[in-house]
Amino acid sequence: MAILDGKKVIIIGDRDGVPGPAIAECVKTAGGEVVFSSTECFV
Amino acid sequence: MNSVIKGASYVLAHTPQMVVYNGTTQTTERVVNPESEYLKELESHLRSYEECVNYWPNQVYIGNAHPDELAEVEFPYYDKVKEGAERFGKYGEIMPENEFLLLVQTCDMFEVVKLDKEFVAATKEAFVSNPIITEAIAARVEEGVELSEIEHLVNEEHAEGLYIAGKLVGCVKRAHDIDVNLSAHVMHENMMSKATSVLALLYAVRNTGIDAGDIEYVIDCAEEACGDMNQRGGGNFAKAAAEVAGLMNATGSDSRGFCAGPSHALIEAAALVKSGAYKCVAVTAGGCTAKLGMNGKDHVKKGLPILEDCLAGFCVIIAENDGVSPEINLDILGRHTVGTGSAPQNVIGSLVADPLARVGLKITDIDKYSPEMQNPDITKPAGAGDVPLANYKMIAALAVKKGDLEKKDMPGFAAKHGLTGWAPTQGHIPSGVPYIGFAVEDIKAGKIKNAMIVGKGSLFLGRMTNLFDGVSFVIQANTGAEDNSGVSEEEVKGLIAKAMKDFAETLMAAE
């Protein structure tokens, strides 16, 4: 059983860190459901 | 033959009143939470002009100190004073807000900027005595209007007020009754961008020693858009700024790519010159009023001054190879493509490792990297971390992964191949380009042999794509004016003249 099975996930990525789509790919492989994903630019 | 970088300029306009009235963090707060503690405290956190000038990162930006010197300054920087700080630097200046408003008025071609008569009378002498202000610009200063007229325009006609120390001294009028693209808000934003771009162009001409008439093309790479309801981003900031800066032989166009805009524009400029389309191209950008005080809430909360109180501008002059100036090597271009993906290793791979690998270079073969050069004094208190350092860690990690660097050498990578950030958070302004002025000097002095400029852009902010973007290029020492294996016009003329002379001599000998 994957560590995020049955979990709904909200993602806020960082342009100069790890962007939202990259985190989303990881979440999906861990069994999580992405309900919101966004990448923010803090600069 | 590669194009060269003749030089660069970097300018700041200290605009604390625009922080209050035009920065989006503040204008948004005024709408959603007009009684907030932040708005009440804001003005007491604004820096004086002297404090802004004495600020280490600002002195580095205009060229009065090298980034290596900043790296020696104890962090944080906001409570330190740069000894010997000055308004003017070798790359540009820090213009006070009152003089800047006069510059804005001289950049206005449609009578949308109105200044109070008394304010103009009190400020004009200081403005026109600035050596960078040309006679033509000085002659454009208008006498001004009665304050009552400005009050009427602000209170009844939707004009954006212009303030000094909380006092209304002018306004920017709307340029159309119903077209939101020509509203006072948009006109204000665009006029400020244009004026800082003009200032950058003036200093670039001075710094490089070229004639203003030598510039044949200008590319504006800021993040604003000008046009009316039928062509919202029609442009053309570039030519508009060139007109005021007196670049009579220039045409131009605007290039956009969010924060990556300057890097895209510099590659385009280098290609235009290398192709022979234009001999000399200026890449310029003005500042962004919206971003003033962008992280102000965190700064105020932590008892810091509002550090995002300057509009910034820069200009880089690209010209034909002179055999001396550093070159832009168009054989080493990094690009984040549609198919690259967003994983950090893919991003850095496409921008740094891949272009180097294509020409057989390792990541450690580049002496200095200039990615996002945001001043950490601004970003760290706001929770965004040290952006340049984050980029260097990622580049170092990729270098280890590719076998270019020992894992034990990772901590030293940033110090050796990196720079401490000093640029204001004005979007496109800190993106790669702040180091170009120093890079040109460092390469000429033999301190470094090359540098990679990396620009990144957050395209997703425009809601047209979820994609990120970025491009990179390498600046290197001049390889010497190469023999282009062709024959120049002068040489052809010389050959014909010699042939005719020889022919004439044979005729004379025959007689």
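User: Which residue is the bridge partner of Ala8(B) in β9(B)?
Analyst: This is a predicted model, and in it Ala8(B) has Val316(B) as its bridge partner in β9(B). The two strands involved, β1(B) and β9(B) (residues 310-319), run antiparallel and are joined by 10 bridges.

User: What about β1(B) and β2(B): parallel or antiparallel?
Analyst: β1(B) pairs with β2(B) (residues 94-95) in the parallel sense, over two bridges. Within that pairing, Ile94(B) of β2(B) is the residue opposite Leu12(B).

User: How many residues of β1(B) are buried?
Analyst: The count is 11 of the 11 residues in β1(B), which covers residues 4-14, so the strand is largely enclosed by the rest of the structure.

User: Let us turn to Tyr203(B). Where does it lie, and is it buried or exposed?
Analyst: Tyr203(B) belongs to helix α11 of chain B, residues 184-208. Tyr203(B) counts as buried because 28 C-beta neighbours fall inside 10 Å, and the cut-off for that class is 20 or more.

User: And what does Tyr203(B) touch?
Analyst: Leaving aside residues up to four places away in sequence, Tyr203(B) touches Ser9(B), Val11(B), Tyr91(B), Gly92(B), Ile132(B) and Cys315(B). Gly92(B) is 111 residues away from Tyr203(B) along the chain, yet their C-alpha atoms are separated by 5.9 Å.

User: Now the sheet with β3, β4 and β5 of chain B. What is the strand order?
Analyst: The order is β3-β5-β4, in an open sheet of three strands with antiparallel pairing. The edges are taken by β3 (113-115) and β4 (160-164) of chain B; each has a single partner strand, so one side of each is left without a neighbour in the sheet. On average, neighbouring strands are turned by 30 degrees against each other, direction ignored.

User: How many bridges hold β4(B) and β5(B) together?
Analyst: Five bridges connect β4(B) with β5(B) (residues 167-172), in the antiparallel sense. Tyr163(B) is found opposite Leu168(B) of β5(B).

User: Which helices pack on that sheet?
Analyst: One of them is α7(B), residues 97-106, which touches β3, β4 and β5 of chain B and whose direction makes about 135 degrees with that of β3(B). Helix α11(B) also packs there, touching β3, β4 and β5 of chain B, with its direction at about 95 degrees to that of β5(B).

User: Another topic: at what angle do α15(B) and α17(B) cross?
Analyst: The axes of α15(B) (residues 344-358) and α17(B) (residues 387-401) cross at roughly 85 degrees and come within 10 Å. The two helices are therefore roughly perpendicular. By class, their contact has seven nonpolar, two polar and no charged residues.

User: Which residues of α15(B) and α17(B) meet there?
Analyst: From α15(B) they are Pro344(B), Gln345(B), Ile348(B), Gly349(B), Val352(B) and Ala353(B); from α17(B) they are Met394(B), Ile395(B) and Leu398(B).

User: Stepping back, what does chain B look like as a whole?
Analyst: Chain B contains 20 helices and 13 strands. Its radius of gyration is 25 Å, close to the 24 Å from the globule rule for 511 residues, so chain B is as compact as a globular protein of that length. Of its residues, 53% count as buried.

User: Finally, how many residues of chain A and chain B are in contact?
Analyst: The contact involves 11 residues of chain A and 17 residues of chain B. On the chain A side there are seven nonpolar, two polar and two charged residues.

Conventions: Residues are numbered from 1 along each chain as its sequence is written. Chains are lettered from A and ligands numbered from 1 in the order in which they are written. This is a predicted model: local features need pLDDT of at least 70, side-chain atom pairs count only at pLDDT 80 or more; totals for chains, interfaces and linings use all residues. Two residues are in contact if their C-beta atoms, placed from the backbone, lie within 7 Å. Ala, Val, Leu, Ile, Met, Phe, Trp, Tyr, Cys and Pro count as nonpolar, Asp, Glu, Lys and Arg as charged, and the others, Gly among them, as polar. A residue is buried if 20 or more other C-beta atoms lie within 10 Å of its own, exposed if 12 or fewer, and partly exposed in between; C-beta atoms are placed from the backbone. Helices (H or I, at least four residues) and strands (E, at least two) are DSSP runs, numbered from the N terminus. Two strands pair if DSSP finds at least two bridges between them. Axes are lines fitted to C-alpha atoms, for helices over the stretch in contact, and angles run from 0 to 180 degrees between N-to-C directions. Angles under 35 degrees count as roughly parallel, over 145 as roughly antiparallel, 65 to 115 as roughly perpendicular and the rest as oblique. The radius of gyration is taken over C-alpha atoms; the globule rule is 2.2 Å times the number of residues to the power 0.38.
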